[in-house]
Amino acid sequence: MSTAAIYRKEAWYDLISVWRTPGFVIPSLAFPLMFYLFFGVVFNTGAASTYMLVTYACFGIMGPAMFNFAMNIASDRAHGWLTLKRLSPMPVPAYLLAKFSTALVFSLVIIVALFTVAALFADVRLHSAQWFLLAMVLLLGTLPFALIGLILGLTLSDKAAPGVVNLLYLPMAFLSGLWLPIHLLPTVLQQASWIWPSYHLSQLGLKVIDMDQGHALWLHLLVLVVSSVLLAALAVWSFKRLTGQKT
């Protein structure tokens, strides 16, 4: 079997296994859509609905990336599957890229669902280039959250992983201004929001529709790139520590 075929099969089987888990699929897809319907459609219209489309889309894509990596990798470790896969001829990157591709599929479904609701029921009107660019920003923005999930999956037990992800995921979303506009938060929390990759991702998305806080584009890009590099380095260190490899 060719290397490309191994990558394709691993990605397909990972997607199928996750898709057959209603406890993961339903909350991942329903929560961001439900929140947007409630706050962005029922109680708001116009500019507020457009703003919330971006922030709730950021909230939506964070969940599948963090939970899929953290919970499933922790479970694979606990049941010996990760050890078995490492001993098999399958390349380790195929295992990780399969989980990332699954996160991307879920993110794409969430993005399409939110865009459809926004256009049909919230009267959100964007140019074609804005719809496309916003979707690309959101899809690429899944990377740092996937890395966070990977680190948690490599370091936590399968029982602890879901709770710890929730303890990180929900406060991060709130403190990044994804539930409430960032300017409504106290000044100290607005300043602290710069430590969260979710804040910078939302600001990049809001720049597409000219509703961001006005900071330079390169600043948000720099923080996301640097944080992703640091998270990737920590993930590599965690993997080597788990497998007993010398760092």
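How many cavities of 30 Å³ or more does the structure hold? The structure, a predicted model, holds one.

## The cavity

Rolling a probe the size of a water molecule over the atoms shows where empty space is left. In the largest cavity, that space comes to about 40 Å³. Its lining is made up of Leu 82, Lys 85, Arg 86, Met 90, Val 92 and Tyr 95. Two elements, α4 (81-87) and α5 (92-121), each give two or more residues to this lining. The largest share, three residues, comes from α4.

By residue class, the lining of the largest cavity holds four nonpolar and two charged residues, with no polar ones.

## Helix α1

Helix α1 covers residues 3-19, 17 residues in total. From its first C-alpha to its last, α1 reaches 24 Å, close to the 24 Å expected at 1.5 Å a residue.

The buried residues of α1 are Ala 5, Glu 10, Asp 14, Leu 15 and Val 18. These residues pack against α2 (22-42), α3 (47-78), α4 and α5. Helices α4 and α5 are also the elements that give two or more residues to the lining of the largest cavity.

## Thr 142 in helix α7

Thr 142 is found in helix α7, which spans residues 142-155. Is Thr 142 buried or exposed? Thr 142 has a relative accessible area of 0%, so it counts as buried.

The side chain of Thr 142 reaches the backbone oxygen of Leu 139 at 2.7 Å. Leaving aside residues up to four places away in sequence, Thr 142 touches Ile 61, Ala 65, Phe 100, Leu 104 and Ser 107.

## Two aspartates with positive phi

Most residues other than glycine have a negative phi. Asp 123 has a positive phi, near 55 degrees. This residue sits in the loop between α5 and α6 (128-140). Asp 123 counts as exposed because its relative accessibility is 53%, and the cut-off for exposed is over 50%.

The phi of Asp 210 is likewise positive, near 60 degrees. The place of Asp 210 is in the loop between α10 (197-208) and α11 (217-243). With a relative accessibility of 66%, Asp 210 also counts as exposed.

Technical notes: Residues are numbered from 1 along each chain as its sequence is written. This is a predicted model: local features need pLDDT of at least 70, side-chain atom pairs count only at pLDDT 80 or more; totals for chains, interfaces and linings use all residues. Side-chain values use heavy atoms; hydrogens and water are left out. On a 1 Å grid over the protein atoms alone, a cavity is a set of points where a 1.4 Å probe fits but cannot get out, and a pocket is an open set with protein on both sides within 12 Å along at least five of seven lines; lining residues have an atom within 4 Å of a point. Grid points are joined across faces, edges and corners, and a volume is the space filled by probe spheres set on the points. Helices (H or I, at least four residues) and strands (E, at least two) are DSSP runs, numbered from the N terminus. Ala, Val, Leu, Ile, Met, Phe, Trp, Tyr, Cys and Pro count as nonpolar, Asp, Glu, Lys and Arg as charged, and the others, Gly among them, as polar. Buried means under 20% relative accessible area, exposed over 50%, partly exposed in between (1.4 Å probe, protein chains only). A polar contact is a pair of N or O atoms within 3.5 Å; within protein, one must be able to donate a hydrogen and the other to accept it, and residues adjacent in sequence count only if both atoms are side-chain atoms. Contact means heavy atoms within 4.5 Å. The expected span of a helix is 1.5 Å times one less than its number of residues.
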